[in-house]
Amino acid sequence: MTPGTKPTPAGEKVPLNADEVARQSLATGAVGPALLAVERAWTGCGDWTTAQARLRQVATGNVDADDDTGLYYGVPAVAFLLQAAADRHPRLRAASQTMDEHVLRLTRRRLVSAASRIDRGQPAAFAEYDLFNGLTGIGALLLRHHSRSDELAGILRYVVTLVTRPRHEDGAELPGWWVAHDPDKIMPTPGGHANFGMAHGTAGLLSFLALATVDGRMVDGQREAIAELTRWFDRWRQDGPDGPWWPQWITRDELRAGRLARTRPGRPSWCYGTVGIARALQLAALATDEPQRQHAAETALAASLTDTQLNRITEPGLCHGVAGIYQTVYRASLDAHDPGLADRLPALTKRLIRHAPPDVGQNNNQAGAPGLLTGHAGLELALETARRGTPPHTGWDACLLIT
């Protein structure tokens with residue numbers, strides 16, 4: 001296992017090939033099935049021989065350590081996997097520590113780059129700050145094993161700056177996490193947009209700050225940043241027949257008008273929908289000890305679980321499918337004041353099983369897409385939680401910022 005892109009004879013770096021990229025991808029590649037194998041080995045539903053084979057598949061060869069890597073790809077993704085297994089297998093600890101050192105170096109480089117962008121007054125991008133590719137995702141990784149590191153403190157200060165220092169452009173005040181690019185190639189947002197989701201937006205920033213606060217890891221301005229983000233959600237909250245909801249993003253025109261152009265919520269998914277946003281708001285309330293806000297968040301989450309809303313979910317996976325909803329509601333139910341969310345888990349479990357392909361759970365990990373986000377690995381990890389009714393031994397769902 002050698003961090004770094006593949007060197008040429010002249011010492012130059014060239015991109016890794018498609019197989020090498022897939023090998024170290026948590027989102028869509030081999031890291032997800034390896035994480036599943038480790039979780040099953042921990043619980044006794046699988047064996048460590050299978051887990052070790054999956055680990056070798058990921059860890060053999062070059063590991064990308066360039067500045068565009070993040071929690072879901074490259075050195076941070078491999079580090080996340082090794083951390084899940086190293087406690088049980090001491091022989092993996094040295095490799096895990098090596099990966100962690102590369103993550104810390106990557107973090108320092110990424111922070112310098114982000115500070116330079118802020119000083120130039122340019123807009124942010126998903127790749128700089130989000131969960132999948134950006135500093136928030138790396139921060140989620142550091143919270144697990146390097147929660148007292150200077151690098152984590154640096155990421156917290158960066159997020160605080162992003163939240164509390166708005167940008168001014170063409171006479172308009174834009175939030176610091178406003179991006180100039182579209183949320184998707186087929187969904188243009190002229191003038192950019194502010195994203196609300198857990199994967200790429202405000203909910204991810206809020207969850208990260210809240211989880212760090214609960215852990216006792218604080219920097220100056222952190223509570224003010226949490227308050228600013230909760231005010232943002234208060235401002236854009238909408239009320240409908242199925243309870244409160246929030247947009248997936250707002251455009252420049254909507255920001256200027258102070259109201260949304262759309263009149264109904266998107267799907268209640270983890271990545272963009274009310275499910276992920278409500279969990280972020282619940283975590284924020286726990287971090288700041290606001291029982292009323294916690295109750296409101298839990299009520300919003302419960303309201304998003306009506307049959308009308310859930311019937312809009314047609315996919316099984318974590319990102320925007322039933323598995324992500326189940327895992328998020330499960331984690332939220334453990335922190336909830338009343339049993340309402342826990343009472344909904346049996347029905348969600350039935351949906352989860354109904355959406356699962358018939359050969360899921362047979363330990364072959366060969367059916368369909370292999371990855372964590374939309375593939376069978378994420379679905380099977382959520383099914384493991386549902387079957388056991390206990391938190392994952394590996395804590396794999398920390399990569400969703402829900403715990």
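Student: Let's start with the aromatic rings. How many aromatic pairs does the structure hold?

Tutor: A pair of aromatic rings is described by the distance of the centres and the angle of the planes. In this predicted model, there are eleven aromatic pairs. One of them joins Phe196 and Trp232, with 5.6 Å from centre to centre and 35° between the planes, and it is classed as tilted.

Student: Why does the pair of Phe196 and Trp232 tie together parts that are apart in sequence?

Tutor: Look at where each partner sits. Phe196 belongs to the loop between strand 7 (193-195) and helix 9 (202-214), while Trp232 belongs to helix 10 (residues 222-236), so the pair ties together parts that are 36 residues apart in sequence.

Student: Are Phe196 and Trp232 buried or exposed?

Tutor: Both Phe196 and Trp232 are buried. They also belong to a cluster linked by ring pairs, whose members are Trp177, Phe196, Trp232, Phe233, Trp236 and Trp246.

Student: Which residues does UniProt list for "binding site"?

Tutor: An unreviewed UniProt entry lists Cys271, Cys319 and His320 under that heading. They are spread over 50 residues of sequence, yet they cluster in space, with a largest C-alpha distance of 5.9 Å. The lining of the largest pocket includes Cys271, Cys319 and His320.

Student: Where is Cys271 found, and what does Cys271 touch?

Tutor: Find the loop between helix 11 (252-257) and helix 12 (274-288), and you will see Cys271 there. Its relative accessible area is 4%, so Cys271 is buried. Leaving out residues up to four places away in sequence, Cys271 touches Gly197, Met198, Ala199, Cys319 and His320.

Student: Where does His320 lie?

Tutor: His320 lies in the loop between helix 14 (307-310) and helix 15 (322-335). Apart from neighbours within four places in sequence, His320 is in contact with Arg267, Ser269, Cys271, Ile313, Glu315 and Thr374.

Student: Let's turn to the backbone. What is phi of Asp170 near?

Tutor: Most residues other than glycine have a negative phi, and most peptide bonds are trans. Here, phi of Asp170 is near 55°, a positive value in a residue other than glycine. Asp170 is placed in the loop between strand 5 (167-169) and strand 6. With a relative accessible area of 73%, Asp170 is exposed.

Student: What about Leu401, where does it lie?

Tutor: Leu401 lies in the segment after helix 17 (376-388), and its phi is also positive, near 60°. Leu401 counts as buried because its relative accessibility is 1%.

Student: One last residue, then. Why does His193 count as buried?

Tutor: His193 counts as buried because its relative accessibility is 0%. His193 is placed in strand 7. Not counting residues up to four places away in sequence, His193 touches Phe126, Trp178, Val179, His181, Asp182, Pro183, Trp249 and Ile250. Take Trp178 as an example: Trp178 and His193 are 15 residues apart along the chain, and their C-alpha atoms are separated by 5.8 Å.

How values were computed: Residues numbered from 1 in each chain as written. Predicted model: local features only at pLDDT ≥ 70, side-chain atom pairs only at ≥ 80, totals over all residues. Heavy atoms only, no water. Phe/Tyr/Trp six-rings, centres within 6.5 Å; stacked < 30°, edge-to-face > 60°. Helix = DSSP H or I, 4+ residues; strand = E, 2+ residues; numbered from the N terminus. Buried < 20%, exposed > 50% of the residue type's maximum accessible area, 1.4 Å probe, protein only. UniProt positions renumbered as here; feature names shortened; annotations may be inferred. 1 Å grid on protein atoms, 1.4 Å probe; cavity = no way out; pocket = protein on both sides within 12 Å on 5 of 7 lines; lining within 4 Å. Contact = heavy atoms within 4.5 Å.
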